[in-house]
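This report describes the fold, the nonpolar cores and the salt bridges of one protein. The sequence and structure come first.

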Amino acid sequence: MADRASVVEKIREIAERVGASVGLEIVDVQLLGGGGSRVLRLFIDHIPGSDLRVPVVVAEADAVESQAEGTVTADAGAIEASGGPTDGVSLSDCSYISHAVGAILDVEDIIPGGNYTLEVSSPGVERKLSRVQDFERFIGHKVKVVLRQPIENQKAYIGALREVAQGAITLEPKPGKSVQIPLDQVEKANLKFEW
(Lines give C-alpha, C1' and ligand atoms only; values in the text may rest on other atoms or scores of the structure.)
Protein backbone atom coordinates (compact mmCIF):
# COMPACT_ATOMS: atom_id res chain seq x y z
CA MET A 1 0.00 0.00 0.00
CA ALA A 2 1.35 3.46 -0.94
CA ASP A 3 1.91 5.96 1.84
CA ARG A 4 -0.68 8.71 2.34
CA ALA A 5 1.63 11.54 1.19
CA SER A 6 2.35 9.88 -2.17
CA VAL A 7 -1.36 9.13 -2.69
CA VAL A 8 -2.27 12.76 -1.93
CA GLU A 9 0.46 13.98 -4.32
CA LYS A 10 -0.85 11.72 -7.11
CA ILE A 11 -4.42 12.95 -6.47
CA ARG A 12 -3.18 16.56 -6.58
CA GLU A 13 -1.44 15.95 -9.93
CA ILE A 14 -4.62 14.48 -11.43
CA ALA A 15 -6.87 17.21 -10.00
CA GLU A 16 -4.53 20.00 -11.13
CA ARG A 17 -4.44 18.60 -14.67
CA VAL A 18 -8.26 18.40 -14.79
CA GLY A 19 -8.75 21.80 -13.14
CA ALA A 20 -6.25 23.66 -15.32
CA SER A 21 -8.15 22.59 -18.44
CA VAL A 22 -11.17 24.62 -17.27
CA GLY A 23 -9.46 27.50 -15.44
CA LEU A 24 -9.61 26.06 -11.92
CA GLU A 25 -6.75 25.69 -9.45
CA ILE A 26 -6.52 23.10 -6.70
CA VAL A 27 -5.98 25.02 -3.47
CA ASP A 28 -5.75 22.04 -1.13
CA VAL A 29 -6.14 18.26 -1.09
CA GLN A 30 -7.02 16.40 2.11
CA LEU A 31 -7.33 12.63 2.47
CA LEU A 32 -8.88 11.80 5.83
CA GLY A 33 -9.79 8.58 7.61
CA GLY A 34 -8.89 5.03 6.80
CA GLY A 35 -10.39 1.65 6.14
CA GLY A 36 -13.90 1.95 4.75
CA SER A 37 -14.54 5.56 5.71
CA ARG A 38 -12.10 7.70 3.72
CA VAL A 39 -12.98 11.27 2.82
CA LEU A 40 -11.14 13.06 0.03
CA ARG A 41 -11.59 16.84 0.06
CA LEU A 42 -10.58 19.03 -2.85
CA PHE A 43 -10.70 22.81 -2.46
CA ILE A 44 -10.86 24.69 -5.76
CA ASP A 45 -10.75 28.29 -6.95
CA HIS A 46 -10.59 30.11 -10.26
CA ILE A 47 -7.12 30.68 -11.71
CA PRO A 48 -6.60 34.46 -11.71
CA GLY A 49 -6.82 35.92 -15.21
CA SER A 50 -7.99 32.68 -16.84
CA ASP A 51 -10.77 32.94 -19.42
CA LEU A 52 -11.41 29.20 -19.29
CA ARG A 53 -14.64 28.12 -17.62
CA VAL A 54 -16.42 24.88 -16.79
CA PRO A 55 -19.12 23.97 -19.30
CA VAL A 56 -22.54 24.84 -17.87
CA VAL A 57 -23.94 21.78 -16.11
CA VAL A 58 -27.43 21.46 -14.72
CA ALA A 59 -26.94 20.15 -11.21
CA GLU A 60 -29.00 19.97 -8.05
CA ALA A 61 -27.71 21.22 -4.72
CA ASP A 62 -26.17 18.35 -2.81
CA ALA A 63 -25.96 16.20 -5.98
CA VAL A 64 -24.61 12.77 -5.17
CA GLU A 65 -23.61 10.10 -7.65
CA SER A 66 -22.49 6.61 -6.72
CA GLN A 67 -19.55 5.35 -8.71
CA ALA A 68 -18.13 1.86 -8.98
CA GLU A 69 -15.60 2.29 -6.20
CA GLY A 70 -16.49 5.56 -4.55
CA THR A 71 -19.05 8.22 -3.88
CA VAL A 72 -18.66 11.60 -5.48
CA THR A 73 -20.32 14.53 -3.72
CA ALA A 74 -20.66 18.15 -4.76
CA ASP A 75 -21.66 20.00 -1.62
CA ALA A 76 -23.42 23.24 -2.61
CA GLY A 77 -23.63 24.26 1.04
CA ALA A 78 -19.85 24.53 1.20
CA ILE A 79 -19.56 26.84 -1.82
CA GLU A 80 -18.64 30.42 -0.99
CA ALA A 81 -17.58 33.39 -3.09
CA SER A 82 -13.80 33.51 -3.27
CA GLY A 83 -12.89 36.54 -5.28
CA GLY A 84 -15.67 38.90 -6.16
CA PRO A 85 -19.37 38.81 -6.94
CA THR A 86 -18.82 37.06 -10.31
CA ASP A 87 -15.64 35.25 -9.33
CA GLY A 88 -16.88 32.59 -6.92
CA VAL A 89 -16.76 28.86 -7.29
CA SER A 90 -20.06 27.55 -8.65
CA LEU A 91 -21.90 24.27 -8.20
CA SER A 92 -21.04 23.52 -11.85
CA ASP A 93 -17.33 23.97 -11.04
CA CYS A 94 -17.58 21.55 -8.09
CA SER A 95 -19.68 19.06 -10.01
CA TYR A 96 -17.30 19.06 -12.98
CA ILE A 97 -14.23 18.47 -10.79
CA SER A 98 -16.10 15.78 -8.79
CA HIS A 99 -17.08 13.80 -11.85
CA ALA A 100 -13.87 14.23 -13.87
CA VAL A 101 -11.41 13.64 -11.01
CA GLY A 102 -13.57 10.91 -9.44
CA ALA A 103 -13.69 8.99 -12.72
CA ILE A 104 -9.90 9.11 -13.12
CA LEU A 105 -9.29 8.09 -9.49
CA ASP A 106 -11.63 5.12 -9.90
CA VAL A 107 -10.22 3.97 -13.25
CA GLU A 108 -6.61 4.28 -12.05
CA ASP A 109 -7.49 2.86 -8.59
CA ILE A 110 -5.51 5.63 -6.87
CA ILE A 111 -7.10 5.46 -3.41
CA PRO A 112 -6.18 2.27 -1.53
CA GLY A 113 -9.24 0.23 -0.64
CA GLY A 114 -11.35 1.92 -3.31
CA ASN A 115 -14.13 3.21 -1.02
CA TYR A 116 -14.15 6.95 -0.38
CA THR A 117 -16.31 10.05 -0.40
CA LEU A 118 -15.12 12.89 -2.62
CA GLU A 119 -16.08 16.39 -1.49
CA VAL A 120 -15.31 19.42 -3.63
CA SER A 121 -15.83 23.01 -2.49
CA SER A 122 -14.34 26.47 -2.52
CA PRO A 123 -11.59 27.27 0.00
CA GLY A 124 -13.85 29.92 1.55
CA VAL A 125 -13.07 33.52 2.45
CA GLU A 126 -10.26 32.55 4.85
CA ARG A 127 -8.52 30.28 2.36
CA LYS A 128 -5.28 28.51 3.20
CA LEU A 129 -2.04 29.94 1.78
CA SER A 130 0.71 27.38 1.29
CA ARG A 131 2.53 27.95 -2.00
CA VAL A 132 4.62 30.97 -3.01
CA GLN A 133 2.08 31.79 -5.72
CA ASP A 134 -0.70 31.86 -3.09
CA PHE A 135 1.18 34.55 -1.17
CA GLU A 136 1.99 36.48 -4.37
CA ARG A 137 -1.67 36.41 -5.44
CA PHE A 138 -2.85 37.94 -2.17
CA ILE A 139 -0.35 40.78 -1.71
CA GLY A 140 -2.24 43.66 -0.10
CA HIS A 141 -4.70 41.37 1.71
CA LYS A 142 -4.90 40.73 5.44
CA VAL A 143 -3.42 37.37 6.45
CA LYS A 144 -2.82 35.32 9.59
CA VAL A 145 0.51 33.49 9.83
CA VAL A 146 1.50 30.95 12.49
CA LEU A 147 5.23 30.28 12.77
CA ARG A 148 7.30 27.22 13.58
CA GLN A 149 9.67 29.32 15.73
CA PRO A 150 8.97 32.76 17.25
CA ILE A 151 10.15 35.92 15.51
CA GLU A 152 10.43 38.93 17.82
CA ASN A 153 9.03 36.73 20.61
CA GLN A 154 5.84 36.06 18.69
CA LYS A 155 4.57 32.85 16.99
CA ALA A 156 1.52 34.32 15.24
CA TYR A 157 0.99 37.48 13.22
CA ILE A 158 -2.03 39.09 11.61
CA GLY A 159 -1.42 41.89 9.16
CA ALA A 160 -1.35 43.12 5.59
CA LEU A 161 0.80 41.04 3.25
CA ARG A 162 3.15 43.57 1.65
CA GLU A 163 5.79 41.59 -0.22
CA VAL A 164 6.99 38.16 -1.27
CA ALA A 165 10.68 38.07 -2.19
CA GLN A 166 13.76 35.89 -1.77
CA GLY A 167 12.01 33.12 0.14
CA ALA A 168 10.31 35.42 2.65
CA ILE A 169 7.10 37.39 3.13
CA THR A 170 6.79 40.84 4.62
CA LEU A 171 3.79 41.53 6.84
CA GLU A 172 2.61 44.83 8.24
CA PRO A 173 0.89 43.94 11.53
CA LYS A 174 0.20 47.61 12.23
CA PRO A 175 0.87 50.81 10.29
CA GLY A 176 4.57 51.67 10.24
CA LYS A 177 5.71 48.27 11.56
CA SER A 178 6.76 45.40 9.35
CA VAL A 179 8.11 41.94 10.00
CA GLN A 180 9.92 39.71 7.54
CA ILE A 181 9.11 36.00 7.80
CA PRO A 182 11.05 33.28 5.98
CA LEU A 183 8.59 31.01 4.15
CA ASP A 184 10.23 27.92 5.64
CA GLN A 185 9.21 29.20 9.09
CA VAL A 186 5.51 29.40 8.17
CA GLU A 187 3.65 26.54 9.84
CA LYS A 188 0.29 27.65 8.48
CA ALA A 189 -1.17 30.74 6.87
CA ASN A 190 -4.57 31.87 5.69
CA LEU A 191 -6.43 34.95 4.53
CA LYS A 192 -8.06 36.84 7.39
CA PHE A 193 -11.52 38.05 6.49
CA GLU A 194 -12.60 41.30 8.11
CA TRP A 195 -16.23 41.05 9.18
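A nonpolar core is a set of buried Ala, Val, Leu, Ile, Met, Phe, Trp, Tyr and Cys residues joined through side-chain atoms within 4.5 Å. Buried means under 20% relative accessible area, exposed over 50%, and partly exposed in between, with a 1.4 Å probe and protein chains only. The model is predicted: local features need pLDDT of at least 70, side-chain atom pairs count only at pLDDT 80 or more, and totals for chains, interfaces and linings use all residues. Residues are numbered from 1 along each chain as its sequence is written, and side-chain values use heavy atoms, with hydrogens and water left out.

The protein has three helices and ten strands, taken as DSSP runs (helices H or I, at least four residues; strands E, at least two) numbered from the N terminus. Their order along the sequence is α-β-β-β-β-α-β-α-β-β-β-β-β. Of the 195 residues, 43% are buried.

The largest nonpolar core contains 25 residues, and those with the most contacts inside it are Ile11, Leu40, Leu42, Ile44, Ile97, Val101 and Leu105. H1, E1, E2, H2 and strand E5 (116-121) each give two or more residues to this core. H1 supplies the largest share, six residues. Apart from this core lies another, of 18 residues, among them Tyr157, Leu161, Val164 and Leu191.

In helix H1 (residues 4-20), the buried residues include Val7, Val8, Ile11 and Ile14. The buried residues of H1 pack against strand E1 (24-32), strand E2 (38-46) and helix H2 (91-108). Leaving aside residues up to four places away in sequence, Ile11 touches Val29, Leu40, Leu42, Leu105, Ile110 and Ile111, where contact means heavy atoms within 4.5 Å.

The whole structure holds twelve salt bridges, each a side-chain nitrogen of Lys or Arg within 4 Å of a carboxyl oxygen of Asp or Glu.

| Pair | N to O distance |
|---|---|
| Arg41 and Glu119 | 2.9 Å |
| Arg127 and Asp134 | 3.5 Å |
| Lys177 and Glu152 | 2.8 Å |

Lys177 in strand E9 (residues 177-182) and Glu152, in the loop between strand E6 (142-151) and strand E7 (154-165), are 25 residues apart. Arg41 is partly exposed at 29% relative accessibility, and Glu119 is partly exposed at 27%. Arg127 is buried, with 1% relative accessibility, and Asp134 is buried, also at 1%. Arg127 and Asp134 belong to a network of salt bridges that links Glu25, Asp45, Arg127, Arg131, Asp134 and Arg137.
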